[in-house]
Amino acid sequence: MSNSDNSSSRNGISRRQFLKSSALSSLGLGTFMLGGCDTNSQSFQDRGEAKNVIFMVSDGMSAGTFNMGDLIKRRQFGNLSHWVDLYNSDRKFHRGIMDMASLNSPVTGSAAAASSWGCGHRINNQAVNTGPNGEEYKPINQIFKDAGKKTGLVTTTRITHATPAGFSVSIDSRGKEDQIAKKYLQREYDLMLGGGARHFKADSRDDGQDLISKFSDKNYTIARTKQELSEASVDSRLLGLFYDSHLPYTIDHQTIDEHQKNIPNLAEMTDKALQHLENQNGFILQVEGGRVDHGAHTNDAAGMLYDQVAFDDAVKVALDFVDQRDDTLLIITTDHGNANPALNAAGDGYNDSGPFFDRLQDFRHSNNWILSELDENSSVADIRERVEYATQLGIEKEEAQTLRKALNGNLETIYDIKNYPSSVLGSILANYTSVSFTSGGHTSDYVELAALGPGIENLDHFTRNTELFDLMVNAAGVNANMAIA
Ligand SMILES: [Zn+2]
């Protein structure tokens, strides 16, 4: 759908029908299902003006996270976020909101959300490109690979986590990460960078297999450190695993020297991926700022927002790439809201909101780091000392006592899910930062969606999640009909 004359390219078919035809065609059950689609699919091949697709997702980014990420950029670093700056620029871009519902709920999980983009179907939460009756849908990376394009995944979570998996494999449960790693080996995608080494190593996989050696046998370069990533040749396929589980939060990364030395940040990985994937046939690359979501789950303003800033730095890398060319579709979005944080009114005339918010600049560690050494045996003094070390804030004794109760499982709150230690710590810190959260889980928010490049003229300002699958395959002119999952 990249023909600039849209009315002629559609041959009288409505835009919605047109988009839908390619979603049906991704059903991996054989072409007999697809009778009416062949005409369209053949003409897609001629239409593709998007040689490359870059899909950027800040996982679990509520509207308040987008806002406060930008506020930190302005107040601490003196510039708007690159994402907001895009809206100020004279580039041609699409901006809209998107409905991310899954098949079984208005509140979606990351696996169903990534699958809606990855195969064009809404499925139940927790599954990956697999329908409720076991239908396996062909994932978009495989569709692009079959069309001769390179494929890449970059994330700050385990590389086997829901969002990268949603572009790459079909499986009934996102939790089967050992199996997802094995499917990556079978499918031979060109580049994977992130955490999650534990799902590739013999001593931590359930089946005892050494997948790292198996990738090496298939001529992948293996990078385990930032240095090895920078030295990796762009000529061979690349598997970069920089941590056993998720990569550390940015707020911990910047405080711990060893992390700084050994673990690349999201912008560095994105830059390497673009160098690596660029080729004459084009590529698809998914980039995920995956721990924005985790910071929201744990009501951790600093953990969440500095990862949002790191995501924005990666957005800059992608914008620099597309600014030099007109053959790349760039999508920047999130998969759902999470815990809907906000900077709240504080003080007379709300005079305290800004200064309170700026206290986040002195934080050295995530809430996860704070809580990792606290348990039911921690004293009030232990709690106050550890919180102060991490945040430079001297919390009240009564506040530390409340957290102690939560650590003991003895705290009753009016809204049940606010009694977790992470929620209680988040609420205590809100007294000092004025940033609070509504829950510890995902929300049904319609989400922010930005896009640049070939095909964006076909997007409505209110988009259904599955339409992004159609946009990508149509803009790239790849054939979604071929083969099974
Ligand atoms: Zn989540």
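Trainee: Where is Tyr446 found?

Mentor: Helices (H or I, at least four residues) and strands (E, at least two) are DSSP runs, numbered from the N terminus. Tyr446 sits in the loop that links strand 12 (442-443) to strand 13 (447-452). This is a predicted model: local features need pLDDT of at least 70, side-chain atom pairs count only at pLDDT 80 or more, and totals for chains, interfaces and linings use all residues. Residues are numbered from 1 along each chain as its sequence is written, and side-chain values use heavy atoms, with hydrogens and water left out.

Trainee: Which residues does UniProt list for "binding site"?

Mentor: UniProt positions follow the numbering used here, feature names are shortened, and annotations may be inferred rather than shown by experiment. One unreviewed UniProt listing names Asp59, Asp293, His297, Asp335, His336 and His442. They are spread over 384 residues of sequence but cluster in space, with a largest C-alpha distance of 14.2 Å. UniProt also places "binding site" (unreviewed entry) at Asp59, His161, Thr163 and Glu288. These span 230 residues, yet no two C-alpha atoms are more than 11.4 Å apart, so they gather at one spot.

Trainee: Is Asp59 buried or exposed?

Mentor: Buried means under 20% relative accessible area, exposed over 50%, partly exposed in between (1.4 Å probe, protein chains only). Asp59 counts as buried because its relative accessibility is 2%. Its place is the loop between strand 1 (52-58) and helix 4 (63-77).

Trainee: What does the side chain of Asp59 make a polar contact with?

Mentor: A polar contact is a pair of N or O atoms within 3.5 Å; within protein, one must be able to donate a hydrogen and the other to accept it, and residues adjacent in sequence count only if both atoms are side-chain atoms. The Asp59 side chain pairs with that of Thr163 at 2.8 Å. It also pairs with the side chain of Ser110 at 3.2 Å.

Trainee: Where does Glu288 lie?

Mentor: Glu288 belongs to strand 7 (residues 283-289). At 1% relative accessible area, Glu288 is buried. Contact means heavy atoms within 4.5 Å. Beyond four places in sequence, Glu288 is in contact with residues including Asp59, Thr163 and Leu266.

Trainee: Is His297 buried or partly exposed?

Mentor: His297 is partly exposed, because its relative accessibility is 28%. It is part of helix 15 (residues 291-297).

Trainee: How many residues apart in sequence are Asp327 and Pro454?

Mentor: They are 127 residues apart in sequence, and 6.8 Å apart in space, C-alpha to C-alpha. Asp327 is in the loop between helix 16 (301-323) and strand 8 (328-333). It counts as buried at 16% relative accessibility. Its side chain also makes a 2.8 Å polar contact with that of Arg325.
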